[in-house]
Amino acid sequence: MKKITIAIDGHSSCGKSTMAKDLAKEVGYIYVDTGAMYRCCTLYAMRNNIAPAELESHIGNINISFQLDTETGKPLACLNGEVVENEIRGMEVSSRVSEIAALPFIRTAMVDQQRRMGKDKGVVMDGRDIGTTVFPDAELKIFVTASDEVRAKRRYDELKAKGQEADYQDILNNVRERDYQDSHREVSPLRKADDAILLDNSEMTIIEQKKWLLERFNETVNA
């Protein structure tokens with residue numbers, strides 16, 4: 001069976017990562033969470049008290065990798081060798097990541113890494129600009145969205161399940177703010193690629209999403 005590149009883009013907290021991880025595991029592909037890469041850059045800036053404009057001179061000190069969780073079989077984001085998966089998912093990072101991700105030098109550095117990771121195909125990558133900028137020739141492109149309220153509730157439930165403090169209204173405001181920032185940034189703004197398949201998963205279960213995505217995968221590789 002031929003190997004393809006799968007690009008899954010969409011709004012924040014719409015379940016892109018869950019879908020991408022499950023599909024990669026199902027079909028034996030490599031999964032790359034590009035959003036986690038930008039979150040790691042944001043965490044580095046926060047930890048070191050570096051203003052966004054000053055981050056360019058530190059880019060060589062930011063080493064991002066992924067480590068497989070032996071219990072779940074899913075990748076964990078690492079910043080300079082330290083697993084930071086839980087820390088980068090908190091609201092403090094979420095409230096600043098769009099600003100960091102909009103910086104041209106950050107996007108250039110991350111896109112270069114992402115292209116190297118996916119050069120041999122057989123990869124599932126999710127983010128904001130995978131199908132438009134990173135892999136515009138990807139054989140399968142999905143653009144995922146859901147209502148603001150549904151996405152905020154999912155994010156709220158995720159944080160509470162991890163034992164973290166969460167306020168629904170704060171999360172809803174953050175979701176809307178990130179949508180605006182992601183869609184209006186100067187470099188690689190969030191938008192649906194012309195040849196991407198739109199998926200509104202507001203009313204879908206994870207199982208239904210998984211089935212839908214696997215069907216699109218099989219249609220593409222067997223075309």
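How many bridges join strand E3 to E4, and in which sense do the two strands run? The structure is a predicted model, in which local features need pLDDT of at least 70 and side-chain atom pairs count only at pLDDT 80 or more, while totals for chains, interfaces and linings use all residues. Residues are numbered from 1 along each chain as its sequence is written, and side-chain values use heavy atoms, with hydrogens and water left out.

Strand E3 (residues 64-68) is joined to E4 by 5 bridges, and the two run antiparallel. Strands (E, at least two residues) and helices (H or I, at least four) are DSSP runs, numbered from the N terminus, and two strands pair if DSSP finds at least two bridges between them. Within this pairing, Ser-65 has Cys-78 of E4 as its bridge partner, and Gln-67 stands opposite Leu-76 in E4. The hairpin of E3 and E4 has 6 residues between the strands, and Gly-73 takes a positive phi near 75° there.

On to the next strand. E4 pairs with strand E5 (residues 82-83) over 2 bridges, again in the antiparallel sense, with Leu-79 opposite Glu-82 in E5. In this hairpin, 2 residues lie between the strands, and Asn-80 takes a positive phi near 50°.

Buried here means under 20% relative accessible area, with a 1.4 Å probe and protein chains only. Because 5 of the 5 residues of E4 (residues 75-79) are buried, the strand is largely enclosed by the rest of the structure.

Helices H7 (residues 148-161) and H8 (residues 168-184) pack at an angle of about 125°, with their axes 9 Å apart. They are therefore oblique to each other, a class for angles that are not under 35 degrees (roughly parallel), over 145 (roughly antiparallel) or 65 to 115 (roughly perpendicular).

Key. Axes are lines fitted to C-alpha atoms, for helices over the stretch in contact, and angles run from 0 to 180 degrees between N-to-C directions. Buried means under 20% relative accessible area, exposed over 50%, partly exposed in between (1.4 Å probe, protein chains only).
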